[in-house]
Amino acid sequence: MAESSTTAGKRKCSQDPQVDEKLVPKQGPSFCPTRYGIAFIIHICNLIAMAQCVVMNITMVAMVNSTDHQLQFNGSAEGLPGDSLGGLNNAPDSLPAGAPVYDWSPQIQGIIFSSANYGMMLTLALSGYLAGRVGTKRVVGVSLFASSLLSILTPLAAELGLVCLIATRIVQSLIQGSTFGGQYALWERWGPPHERSRLCSIGLSGMMLGTFFIILLGGIICQTLGWPFAFYILGGIGCVYCLLWFVLVYDDPVSHPWINVTEKDYIISSLAHQIQVSPCKQPLPITAMLRSLPIWSMCVCGFGHQWLTVTQIVYTPTYISSVFNVNMRDNGFLSALPFIIAWVFGILGGQMADFLLTKNFRLITVRKTATFLGNFPSSALLVVLPYLTPSYVTTMTLLTLSCGLCAICQSGIYINALDIAPRHSSFLMGATRGFAYIAAILAPTVNGFLLNQDPEFGWRNVFLLLFAINLLGLIFYLIFGEAVVQDWAKERKLTHL
């Protein structure tokens with residue numbers, strides 16, 4: 001049916017995925033379509049990878065001599081940049097005797113945390129490009145296995161010295177960037193246009209679930225077994241899961257041995273107008289990409305959203321600890337609650353986006369709506385926090401709503417590259433995410449400086465800065481964001497570098 005369409009018809013399909021649904025064969029009923037099974041596998045992969053990425057934030061409380069570097073927000077705030085968990089009420093003598101304790105200052109802890117960010121920023125775009133060439137199965141599978149091995153070796157690296165630990169963290173961050181960036185190429189071949197929002201949101205929401213589990217259980221593992229076992233357990237789970245990954249994941253429906261024939265034809269037909277030229281033979285139009293305002297709008301808005309997300313992940317436990325002075329276990333429970341809500345909102349946001357497409361909403365309207373809901377309300381709720389009288393109900397309600405709404409953005413800017421340049425989407429999604437990840441380096445440093453300089457109004461300044469950055473990025477995207485296939489992404493004969 002796609003072959004019998006006119007050129008104008010193909011162009012219209014590429015701009016309006018809801019029209020594509022009318023032009024491709026309907027898929028028959030299926031209990032669990034294979035493409036959703038692939039999304040669930042990526043979901044678990046992201047859960048494990050994100051838990052490995054965040055676990056150092058949790059274990060650091062048990063790794064350092066907290067009696068020497070006590071967090072006192074109302075007095076001295078020196079410990080804030082290094083202490084991303086808070087709740088240092090538990091001294092090392094309450095932890096297992098066999099767990100080593102190090103005398104690292106807050107400044108040293110900050111260096112250890114930062115070492116995990118530089119590498120990830122460098123490999124997100126490269127891994128997306130590589131996955132488009134050799135396949136997501138190899139790139140993500142090998143990366144997850146290598147990251148899991150390094151997670152197991154982290155306690156040994158800490159014993160060998162600070163330099164060895166930082167080097168291990170940098171190498172692991174390079175590999176973790178490949179895990180997150182390499183997965184986007186999968187949806188070039190598996191995601192029908194009118195289902196991409198829900199498929200991508202299912203996969204990406206695993207990051208929120210991983211954050212929830214490690215914040216909730218990390219403190220318990222440290223208190224009962226010792227902090228090294230947090231790395232051993234996550235590394236072991238990752239290694240075992242890699243075996244399932246290589247068995248169950250395939251780069252496209254054509255090569256999948258167990259997919260239903262009807263589903264395979266349905267996916268191939270729905271993507272026929274977008275896969276006229278193989279990505280392996282399509283050079284990257286770098287010059288056109290650098291001049292593209294829609295791409296820059298995704299980068300700038302992604303930067304603001306990443307600043308919001310990093311502040312929530314790193315400083316939610318610290319904020320709860322500074323306001324309510326709870327112990328490590330209670331802090332873990334309260335800090336984890338917003339992220340399980342974010343997991344739910346992320347999945348529901350994908351369902352909502354695809355539902356709106358079936359109701360003939362314009363694709364750009366859906367993308368901008370999801371982006372707005374994932375940015376403005378979330379940052380505005382945080383701005384209100386310092387001006388309210390602290391209470392468990394009020395604080396946790398605002399933090400939970402802020403974190404939950406933040407996840408809706410997964411159906412907005414983070415998959416917009418699939419709309420404007422399907423053939424180059426794996427590279428662009430990694431590149432825009434890598435640009436946004438600069439915020440992961442800057443946000444903890446800037447926020448820690450603000451909290452140190454002004455203990456009384458530190459949180460107010462942190463949230464106001466967050467709101468300003470987030471709002472500027474959102475406005476830029478609302479003005480320049482698009483959801484139609486760009487001219488430089490349509491024809492192979494255009495000039496490339």
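In this predicted model, the buried residues of helix H18 are Ser 425, Ser 426, Phe 427, Leu 428, Met 429, Gly 430, Thr 432, Arg 433, Gly 434 and Ala 436. Buried denotes under 20% relative accessible area, exposed over 50%, and partly exposed the range in between, computed with a 1.4 Å probe on protein chains only. Helices are DSSP runs of H or I with at least four residues, strands are runs of E with at least two, and both are numbered from the N terminus. Because 10 of its 12 residues are buried, H18 is largely enclosed by the rest of the structure. H18 covers residues 425-436, and its end C-alpha atoms lie 16 Å apart, in agreement with the 16 Å that 12 residues should span at 1.5 Å a residue. The expected span is 1.5 Å times one less than the number of residues in the helix.

Residues are numbered from 1 along each chain as its sequence is written. Local features require pLDDT of at least 70 and side-chain atom pairs pLDDT 80 or more, whereas totals for chains, interfaces and linings use all residues, and side-chain values use heavy atoms, without hydrogens and water.

Ala 421 is located in the loop between helix H17 (417-420) and H18. Ala 421 has a relative accessible area of 0% and is therefore buried. Apart from neighbours within four places in sequence, Ala 421 contacts Leu 428, Trp 488 and Ala 489, a contact being heavy atoms within 4.5 Å. Leu 428 is itself among the buried residues of H18. Ser 292 belongs to the loop between helix H12 (286-290) and helix H13 (293-324), and its relative accessibility of 4% places it in the buried class.

Another loop, between helix H14 (328-358) and helix H15 (363-384), contains Asn 360. Asn 360 is exposed at 53% relative accessibility. Its phi is near 65 degrees, a positive value in a residue other than glycine.

Helix H16 (residues 392-406) consists of 15 residues and extends 21 Å from its first C-alpha to its last, close to the expected 21 Å. Its buried residues include Thr 395, Met 396, Leu 398 and Leu 399.

Helix H3 (residues 34-63) and helix H9 (residues 206-224) have axes that come within 7 Å and cross at roughly 35 degrees. The axes are lines fitted to C-alpha atoms over the stretch in contact, with angles from 0 to 180 degrees between N-to-C directions. By class, the contact of H3 with H9 comprises 13 nonpolar, 8 polar and no charged residues. Ala, Val, Leu, Ile, Met, Phe, Trp, Tyr, Cys and Pro count as nonpolar, Asp, Glu, Lys and Arg as charged, and the others, including Gly, as polar.

The chain as a whole has 20 helices and 0 strands, and 59% of its 497 residues are buried. Among contacts between residues at least 6 apart in sequence, 87% join residues at least 24 apart. The mean pLDDT, the predictor's confidence in each residue on a scale from 0 to 100, is 81, and 82% of residues reach 70 or more. Over residues 66-93 the pLDDT is below 50, and the model gives this stretch 81 contacts beyond near neighbours in sequence. Residues 493-497 likewise stay under 50, with 10 contacts beyond four places in sequence.
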